[in-house]
Amino acid sequence: MAATPNMESSTVAGGAKRSRSLPSRVVPPIELPASVEELSRKAAALLGWNGIVLPETTVLGRKICVVARLRTDVHAERIAMGMDPVVDRATVDTWTWPELAATAPAPAAEIIGVLAVARHWRTAMASAVPFARYGEAAMVLPSPAVLTEDYVGNCLPRARAYGLGIVSADPNAVTDLDLEGHNERMILDEDPVSRLVNEIVYDQLLRGTELPAEVD
């Protein structure tokens, strides 16, 4: 009977000996040091955004926390007109048509800024950039995410170009302003997208689920 070959010393094509694979080192993922809501409140206070910090919501496919205030005079007019928040995109799109612009309701929310809280800067930037075209926007990141060459070499130049602010949070959820946003970028005028976002924020404000910004 032929002897069974030793698998440890058997060769593969090309004459190379089969080697054992070694387990790779598992690197634990970076986690947020606190809830999105808590970090958003602290970031808003640090940025000086004086308004209501709304809970995280998905707008245009991006997860964001909006800091806003209710325009009470416009809200009163809309109550008198029986005009509740309208979050249907097709309807809001018609408000910018020349023939309907005069009859469209005024924006009832004043958006102070938009925050994107994430574990990695690329995720946060993808969420924040679309809203930076209309006003203030910032990212909130855990401090380990800002202590990398990738962050210094790739994130910071892009954040400056888009005018994004960056707030970091250490393992104890203590926040620090890592990069101030700026207003040198071009801000777009009101369009169907900005009107839709305003109506979504208006709806959130009326639902009474706001979280007050933390003030030291």
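Begin by selecting strands S3 and S4, which run antiparallel and are joined by six bridges; two strands are taken to pair if DSSP finds at least two bridges between them, and the strands (E, at least two residues) and helices (H or I, at least four residues) are DSSP runs numbered from the N terminus. What you see is a predicted model, in which local features need pLDDT of at least 70 and side-chain atom pairs count only at pLDDT 80 or more, while totals for chains, interfaces and linings use all residues. Residues are numbered from 1 along each chain as its sequence is written, and side-chain values use heavy atoms, with hydrogens and water left out.

**Along the strands**

S2 and S3 form a hairpin with two residues between them, and leucine 60 in the turn has a positive phi of about 55°. Then select strand S1 (residues 52-53), which two bridges join to S3 (residues 62-70) in an antiparallel arrangement, with valine 53 opposite valine 67 in S3.

**Two helices**

Now select helix H4 (residues 121-132) and helix H5 (residues 149-162), whose axes come within 11 Å and cross at roughly 5°; axes are lines fitted to C-alpha atoms, for helices over the stretch in contact, and angles run from 0 to 180 degrees between N-to-C directions. H4 and H5 are therefore roughly parallel to each other, a label given to angles under 35 degrees. Where they meet (heavy atoms within 4.5 Å), the H4 residues include Trp121 and Met125, and those of H5 include Tyr151 and Arg158.

**The largest pocket**

Finally, turn to the largest pocket, with a volume of about 330 Å³, where the volume is the space filled by probe spheres set on grid points joined across faces, edges and corners. A pocket is an open set of points on a 1 Å grid over the protein atoms alone, where a 1.4 Å probe fits, with protein on both sides within 12 Å along at least five of seven lines, and its lining residues have an atom within 4 Å of a point. Of the 20 lining residues, the closest to the centre are Ile111, Tyr134, Gly135, Ser194 and Asn198. Strand S4 (109-117) and helix H6 (192-207) each supply at least two residues of the lining, and the largest share, six residues, comes from S4.

Terms used. Parallel < 35°, antiparallel > 145°, perpendicular 65-115°, else oblique.
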